[in-house]
Amino acid sequence: MKVERERRYALLLAAKDSEYVKKVYGGYFNVFVAAFGEEGERWDLFRVVDGEFPETSELQDYDGFVVSGSPYDAYGNDHWIIKLCFLLQTLDAMEKKVLGICFGHQVLCRALGGKVGKACTGWDIGLRKVNIVNDLSPFSFLDDLDEIPAALSIIECHQDEVWEVPLGAQVIAFSDKTGVEMFTIGGHVLGIQGHPEYTNDILSNLIDRLLNNNSIELGFAENARFGLQKAEPDRKCWEKICRNFLKDRSIIKLNL
C-alpha cells in the first residue's frame, strides 16, 4: 500500500505580530494556517523580517511557500528584503509553489523582474471588488472559470502596488483602484494584492493603529470602517483559490 508523503509548507512572515493578533489568534502564523492549511500538513514559520530564513538545502523538502504582508516597502533595500528577493528567485528557478500576499505579491514581482512602487491613487483600505480576467490561458490553475464569479470582494490594506509585472507573468485580476490585483507565472507563482487571510476584526484593529500613528486621516478611517459594516469579504472563496493553488489542484470548483 502506497503511503502519501506529508505535505510541507512554509510561511515567510514579513511582519511582526501585532498585540491584537497575538492576543486573539496567537500570532499571524495561526491566521495563515487556519486560512490555507489542511489536516495532515506540516507548516513551518520563518520570520524573515527578523532575518530567519530556511536553509537552501531544505527548500526541496517544501511543497509550497507563502509570503505575508508587511509594513515595509517591497522596493526597499533592507538586508532581509534583498535576501528575500534572492530566495524568491531561487524558488522560481526550482518552480516551487509561491503565494505572495500584499507585500508578498509586490516583492515577488520585484524579485522576478517587475516594477513596484507607491500607488498613484494613495491608500486602499477596506473591502474592494476584484474583477477576474475572463480570458485566462489554459495552463492557469483558474481554468474552470465558469464556476468562478466575475468579481470577488477582498480586504485590502496597502499604499504600494505593482506597476509592471515580470516578463512572462499574466495579470488575472484587477480592480477600479489597482491594475494588478493578481498575477501568476507558469502556474507556480501567484500574487494577490489583497488579504485573503484577513478577517474584518483584524483590519479594524489595523485601521485603529494606522490612525493612531497618523498614517491615515480620521475621515478616511471612518469610511473604511463603514464599508466593513456593510459587507463581508468572499473569504471562503479566496481561501479555496489559495488552497487549490498551493495544493496543485488544477481545477477550482466553487459553490457559491
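A residue counts as buried when its relative accessible area is under 20%. In this predicted model, Trp-80 has a relative accessible area of 8% and is therefore buried. Phe-103, at 1% relative accessibility, is likewise classed as buried.

## Aromatic pairs

The count of aromatic pairs comes to six. In one of them, the ring centres of Trp-80 and Phe-103 lie 5.7 Å apart with the planes at 35°, so this pair is tilted. Trp-80 belongs to helix H3 (residues 79–93) and Phe-103 to helix H4 (residues 103–111), so the pair ties together parts that are 23 residues apart in sequence.

Tyr-62 and Phe-65 also form a tilted pair, at 5.2 Å centre to centre and with 45° between the planes. Both Tyr-62 and Phe-65 are buried. Together with Phe-46, these two residues make up one aromatic cluster.

## Nonpolar cores

The largest nonpolar core holds 44 residues, of which Phe-36, Val-66, Leu-99, Ile-125, Ile-192 and Leu-203 touch the most other members. When residues up to four places away in sequence are not counted, Leu-203 is in contact with Ile-125, Gly-126, Ile-155, Glu-156, Cys-157, Tyr-198 and Leu-228. Another core, of 33 residues, lies apart from the largest one; Leu-12, Phe-46, Cys-85 and Leu-112 are among its members.

## Charges over rings

Two lysines are placed over aromatic rings. The charged end of Lys-97 sits over the ring of Phe-245, at 4.5 Å from its centre. Lys-247 lies over the face of Tyr-9, 4.7 Å from the ring centre.

Conventions
Residues are numbered from 1 along each chain as its sequence is written. This is a predicted model: local features need pLDDT of at least 70, side-chain atom pairs count only at pLDDT 80 or more; totals for chains, interfaces and linings use all residues. Side-chain values use heavy atoms; hydrogens and water are left out. A nonpolar core is a set of buried Ala, Val, Leu, Ile, Met, Phe, Trp, Tyr and Cys residues joined through side-chain atoms within 4.5 Å. Buried means under 20% relative accessible area, exposed over 50%, partly exposed in between (1.4 Å probe, protein chains only). Contact means heavy atoms within 4.5 Å. Rings of Phe, Tyr and Trp (its six-membered ring) pair if their centres lie within 6.5 Å; planes under 30 degrees apart count as stacked, over 60 as edge-to-face and the rest as tilted. Helices (H or I, at least four residues) and strands (E, at least two) are DSSP runs, numbered from the N terminus. A charge sits over a ring if NZ of Lys or CZ of Arg is within 6 Å of the ring centre and within 35 degrees of the ring normal.
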